[in-house]
Amino acid sequence: MADYKKIDAYLEKNLDKSIAELSKLVAQPSVGAQNLGMKECAALVAEMLKARGFKVEIMDTPGAPVVFGERKGKSNKTLLIYNHYDVQPPEPLELWETPPFEPSLREGKLYGRGVSDDKGHIVSRLFAIDALLDSFGELPCNIKFIIEGEEETASINLFDFIKKNKDRLKADACMWEFGGVDHRDVPMEYLGLRGICYVELSVETASIDVHSGLGGSIFPNAAWRLVWALNTLKGEDERIRIPGFYDAVRPPSKRDRELIAAMPEVADEYKSRYGVKQFIKGLTGGVELRVEEVFTPTCTICGLTSGYQGPGSKTVLPARASAKVDFRLVPDQEPDDIRKKLRAHLDAQGFSDVKITDLGGDPPARTDPDDPFIQLVAKVAEEVYEMPMQLVPMVGGSGPSHPFVHDLGLPVATGGLGHPDTRAHAPNENIRLDLYLKHARHMARIINEFGK
Ligand SMILES: [Zn+2]
């Protein structure tokens with residue numbers, strides 16, 4: 001373990017330098033939604049990789065470019081590291097204590113848009129590489145970086161990019177862009193992401209809104225049409241009524257339940273944090289609640305719009321109504337298949353007039369908790385965090401991990417510097433410097449042990 005003494009000493013000694021480099025990257029805005037600074041940020045990331053001897057190419061896509069970097073190492077094994085350089089819009093600006101693109105250090109934390117999501121992860125990983133190069137003069141394994149610029153806008157071009165560049169992206173394992181510790185400072189290993197199918201449902205029953213005294217008895221009403229259509233999607237028993245919706249669902253395994261049982265209780269915390277009085281489906285807490293939370297698909301009405309909602313009364317019959325609806329999907333459901341089944345269901349129920357607009361989707365994906373790479377990432381974490389990683393078989397959110405798992409055939413591990421108060425996507429986004437250092441120490445070990 002002498003290897004790591006030298007590496008840890010290097011990281012401790014050079015922390016300020018690495019934070020200065022991160023600050024420079026954060027100071028370069030790269031807001032995908034506003035097309036602000038994307039090319040400049042890609043160029044800056046490319047420079048940072050080149051400075052470590054990576055062969056770098058800025059590759060075009062129909063959207064923001066992808067930065068691809070590659071450097072050979074001692075062993076012939078290849079680790080693919082996925083990150084993104086785009087950030088969420090900083091608004092509302094007035095809620096930031098210091099400006100979002102002027103990184104600021106206070107009380108052991110660095111504040112700024114993107115410090116955590118995802119620029120901190122990029123630079124701390126480069127920092128780990130610096131330490132390895134300082135100790136060994138070479139990388140223990142081949143490393144490829146794929147750093148995209150559209151993660152915060154649904155990674156719409158990433159799937160095609162991966163399909164087109166399968167050979168270049170060939171690797172043996174993949175480190176995911178995020179990770180972190182929970183409220184007890186326990187490092188988490190997230191092994192699966194649910195998929196998502198996001199649609200807008202809309203109805204138009206007239207070309208203009210109508211006086212409700214005139215049309216109420218004789219005209220169709222868009223709001224009622226939409227409400228009736230929505231009512232066919234799910235019953236009060238919470239069962240989704242679209243025929244075939246559950247066909248592809250693979251239930252959690254015994255191992256999944258075992259891992260979920262080892263996780264902390266959440267019921268009381270959820271109730272107090274969100275002011276929710278009770279859970280649906282008669283759930284009260286325990287393993288059943290936690291399994292249900294991530295291993296069942298959903299149909300959520302995210303928003304509803306129609307007619308008049310201002311102060312007082314307005315007697316109007318709305319011509320238009322629309323709803324945003326998302327379906328969180330579990331293995332092996334597919335968003336395209338769910339959209340087709342939704343269309344067939346609405347038609348069969350007499351709602352051919354309800355239009356479906358596709359607002360994007362990701363299929364679910366997961367990695368086996370007993371995959372040797374996952375075991376390696378979890379094992380080397382112990383020396384850094386002084387406790388084992390908690391293996392989480394599935395999380396409720398979604399992300400573009402499907403092409404990494406299914407097209408590239410890689411085990412995907414998470415690890416990172418996130419913490420519960422990191423405020424990703426919100427004002428005062430921050431990272432804790434102690435966790436930044438720990439992530440760099442963890443990454444150095446992952447890369448080194450992986451090369452052996
Ligand atoms: Zn994000």
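**Helices and strands, one question at a time**

Tutor: This is a predicted model. Let's start with two helices: the crossing of H2 and H4 is right-handed.

Student: How do you know which residues make the contact between H2 and H4?

Tutor: Two residues are in contact if their C-beta atoms, placed from the backbone, lie within 7 Å. On the H2 side, Ser18, Glu21, Leu22, Leu25 and Val26 make the contact, and on the H4 side it's Lys119, Gly120, Val123 and Phe127.

Student: What makes up that contact of H2 with H4, by class?

Tutor: There are 5 nonpolar, 2 polar and 2 charged residues. Gly counts as polar.

Student: At what angle do the axes of H2 and H4 cross?

Tutor: Roughly 145°, and the axes of H2 (residues 15-27) and H4 (residues 119-136) come within 10 Å.

Student: Over to strands. Why are E1 and E2 called a pair?

Tutor: A pair needs at least two bridges, and 5 bridges join E1 (residues 55-59) to E2 (residues 66-71), so these strands pair. They run antiparallel, and a hairpin of 6 residues joins them. Val56 stands opposite Gly69 in E2.

Student: What makes E4 and E5 a pair?

Tutor: E4 and E5 (residues 109-111) have 3 bridges, and at least two are needed, so they pair too, in the antiparallel sense. Arg106 stands opposite Lys109 in E5.

Student: Why are E4 and E20 at the edges?

Tutor: The open sheet has the order E4-E5-E20. E4 (104-106) and E20 (430-432) each have a single partner strand, so one side of each is left without a neighbour in the sheet. The twist averages 25° from one strand to the next.

Methods. Residues are numbered from 1 along each chain as its sequence is written. This is a predicted model: local features need pLDDT of at least 70, side-chain atom pairs count only at pLDDT 80 or more; totals for chains, interfaces and linings use all residues. Axes are lines fitted to C-alpha atoms, for helices over the stretch in contact, and angles run from 0 to 180 degrees between N-to-C directions. Helices (H or I, at least four residues) and strands (E, at least two) are DSSP runs, numbered from the N terminus. A crossing is left-handed if the near helix is turned anticlockwise from the far one by less than a right angle, and right-handed if clockwise.
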